[in-house]
Amino acid sequence: MPPKSTLRGYALILAAAVLFGTTGTARMLGTQAIAPWITGAFRLIIGGPVLMGICLIFKPAGPQKSPNKPGQRRHILPVLWASLGVVAFQFAFFEAVSRTGVAAGTLVSIGSAPVFAGILGTLFHKESLDGTWALSTLLAVAGCTLLATTGQAVAVDLPGLGLALIAGAGYALYVAAGRSLVHTMAPARAVGLILSAGGLIMLPFIWTSDLGGIADPRALFTLAYLGLFATAASYYCLTAGLVHVPVSRASVLLLAEPMVGSLLGICLLKEPFSLQSALGMTLIFAGIAVVAIRQCSALTSRT
């Protein structure tokens, strides 16, 4: 694998994490009048069709199809699993946060994702879980713990924590299933199909919900941003990066998301900044740096 392509994959996944990290701040600034899970549903309903429309217009090139595999049927199962993972995250994460609070819900959901992703990567993609994965995951999860518990009391609610684990597993399921698609389908088309399928799954729930708050211009603008940038663009970057990055490593890089969210909260929402916050961000950065240094060393040894 060419070094430039590999580094591009890491950069794309970090870009996805940055875009994901803007979600919470955007919602706080523009869609507080809308139920959180409805905001999540509209992310899929907007993002999926937009990407599908782009694919129809520009026809992005994808990997060469293998003559030994049948048509498009091989895509159905990965798309279904990935879309179920996206939907599970939208429902379970927001309900977990409402039960346990932002601190515990975020910690368990985002912090457990690398563990689930490592297991799924081993089972379905034969990836090995080495010392680099273990060290980087430990550092990044420790950083998430510090960020999530800064100045907050962590509530213990067993059903809520169970839902947070489901959210983490859903996040990891998307990453693992998405990697199954990127070698046989253009990333933009794969993401468009996954998000559109997820939007269709959530559509019946939308019809029976109160959508009064959506009429507000600020809410409409925020939903457009979330759908186009924090969903369509971010999931595209993530899926395109998975062409070159193993599932276990990608899940660690995605832990930059809470660090970005914390920085935006401090800068835009005037949230308190403490030594604990700084240490948490430093640990997450250290976990990402371990992955980056290990990859750079591997690339150097090949040249």
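Biologist: Patches here are made of residues with over 30% relative accessible area and no salt bridge, nonpolar side chains (Val, Leu, Ile, Met, Phe, Trp, Tyr) being joined within 5 Å and like charges within 9 Å. Which residues make the nonpolar surface patch of about 440 Å²?

Modeller: L77, L80, W81, L84 and I201 make that patch. Areas are Shrake-Rupley values with a 1.4 Å probe, and for residues only the protein chains shown count as cover; a salt bridge puts a side-chain nitrogen of Lys or Arg within 4 Å of a carboxyl oxygen of Asp or Glu. This is a predicted model, where local features need pLDDT of at least 70, side-chain atom pairs need 80 or more, and totals for chains, interfaces and linings use all residues. Residues are numbered from 1 along each chain as its sequence is written, and side-chain values use heavy atoms, without hydrogens or water.

Biologist: Which helix gives the largest share of the nonpolar patch?

Modeller: Helix α4, residues 73-100, with four residues. L80 sits in α4 and counts as partly exposed because its relative accessibility is 39%, between buried (under 20%) and exposed (over 50%).

Biologist: How many helices and strands in the chain?

Modeller: 12 helices and zero strands, taken as DSSP runs (H or I, at least four residues; E, at least two) numbered from the N terminus.

Biologist: And inside, which residues touch the most other members of the largest nonpolar core?

Modeller: Y174, Y235, L238 and L254, in a core of 66 residues. Its largest share, nine residues, comes from α4. Core members are buried Ala, Val, Leu, Ile, Met, Phe, Trp, Tyr and Cys joined through side-chain atoms within 4.5 Å.

Biologist: What does L254 contact, beyond neighbours within four places in sequence?

Modeller: I13, A17, F20, Y171, V175 and L238, with contact meaning heavy atoms within 4.5 Å.

How values were computed:
Buried < 20%, exposed > 50% of the residue type's maximum accessible area, 1.4 Å probe, protein only.
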